[in-house]
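Keep the viewer open as you read.

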Amino acid sequence: MDKEQIVEDFFRSLRIALTNAFSYPKDHPYFIKSVENFKFKLEDLLVIFNPLSIGVTNLRFVVDGQNFTKSGFYEELARLLHQRKIKNIEIRAGSSLEELIKFLGVISLP
């Protein structure tokens, strides 16, 4: 699998986990399963980028100096995070499932 596909899979799993964070309590099995999948995709990405630093604008993400602007998909997710005043996300290897659940729970708050 190429680097761009790994990044795209990561952002897809992030979007699913955030959608479930908006919809379910933090101890709901659907939410926990989506965070487990997100962690799996994150671990794949951390093999390439460690630490993973994601710049967030209202239209795109910047990972390792490369813009990810796929119309619709990245724009929607970037806008969602940007509206929550998130400008940068940094994740290091070794993040636990509990830490990721807490992270997604916090950024899903209104």
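Helices and strands, by the way, are DSSP runs numbered from the N terminus (H or I, at least four residues, for helices; E, at least two, for strands). The way α1 passes α2 is a left-handed crossing, meaning that the near helix is turned anticlockwise from the far one by less than a right angle, with clockwise being right-handed. On the α1 side, the contact includes I6, F10, L14 and A17, and on the α2 side F31, F38, L42 and L45 are among the residues involved. Contact just means heavy atoms within 4.5 Å.

A quick word on what you're looking at: this is a predicted model, where local features need pLDDT of at least 70 and side-chain atom pairs count only at pLDDT 80 or more, while totals for chains, interfaces and linings use all residues. Residues are numbered from 1 along each chain as its sequence is written, and side-chain values use heavy atoms, with hydrogens and water left out.

Now turn to α1 and α3. Their axes are 11 Å apart, at an angle of about 50°, and that makes α1 oblique to α3. This crossing is left-handed. From α1, V7, E8, F11, R12, L14, R15, L18 and F22 take part, and they meet F73, Y74, E76, L77, L80 and L81 of α3.

Some of those names come back when you look at charges. How many salt bridges does the structure hold? There are four, a salt bridge being a side-chain nitrogen of Lys or Arg within 4 Å of a carboxyl oxygen of Asp or Glu. One joins R15 to E76, with the closest N and O atoms 2.8 Å apart. R15 belongs to α1 and E76 to helix α3 (residues 73–83), so this pair ties together parts that are 61 residues apart in sequence. R15 is partly exposed, at 21% relative accessible area, and E76 is partly exposed too, at 43%. The cut-offs are under 20% for buried, over 50% for exposed and partly exposed in between, using a 1.4 Å probe and protein chains only.

E8 counts as buried at 15% relative accessibility, whereas R12, at 35%, is partly exposed. Over in helix α2 (residues 29–48), E43 and K39 are likewise four residues apart, about one helical turn, and their closest N and O atoms are 2.6 Å apart in a salt bridge. Here E43 is partly exposed at 40%, while K39 is buried at 19%.

Next, the inside. The largest nonpolar core has 35 residues, and F11, F38, L52, I54, F61, L81 and L104 have the most contacts inside it. Such a core is a set of buried Ala, Val, Leu, Ile, Met, Phe, Trp, Tyr and Cys residues joined through side-chain atoms within 4.5 Å. At least two residues each come from α1, α2, β1 (52–56), β2 (61–63), α3, β4 (88–91) and α4 (97–107). The largest share, eight residues, is supplied by α1. Click on L52 and, leaving aside neighbours within four places in sequence, you'll find contacts with F10, L42, L45, L46, V63, I89, E90 and I91.

What about α4? Its L97, L100, I101, L104, G105 and I107 are buried, and what covers the buried residues of this helix includes α1, α2 and α3.

Two last stops. S96 sits in the loop between β4 and α4 and is partly exposed at 24%; its C-alpha atom is 9.9 Å from that of E36, 60 residues apart along the chain. I16, in helix α1, is partly exposed at 47%, and its C-alpha atom is 16 Å from that of Q5, 11 residues apart along the chain.

Methods: Axes fitted to C-alpha atoms, helices over the stretch in contact; angles between N-to-C directions. Parallel < 35°, antiparallel > 145°, perpendicular 65-115°, else oblique.
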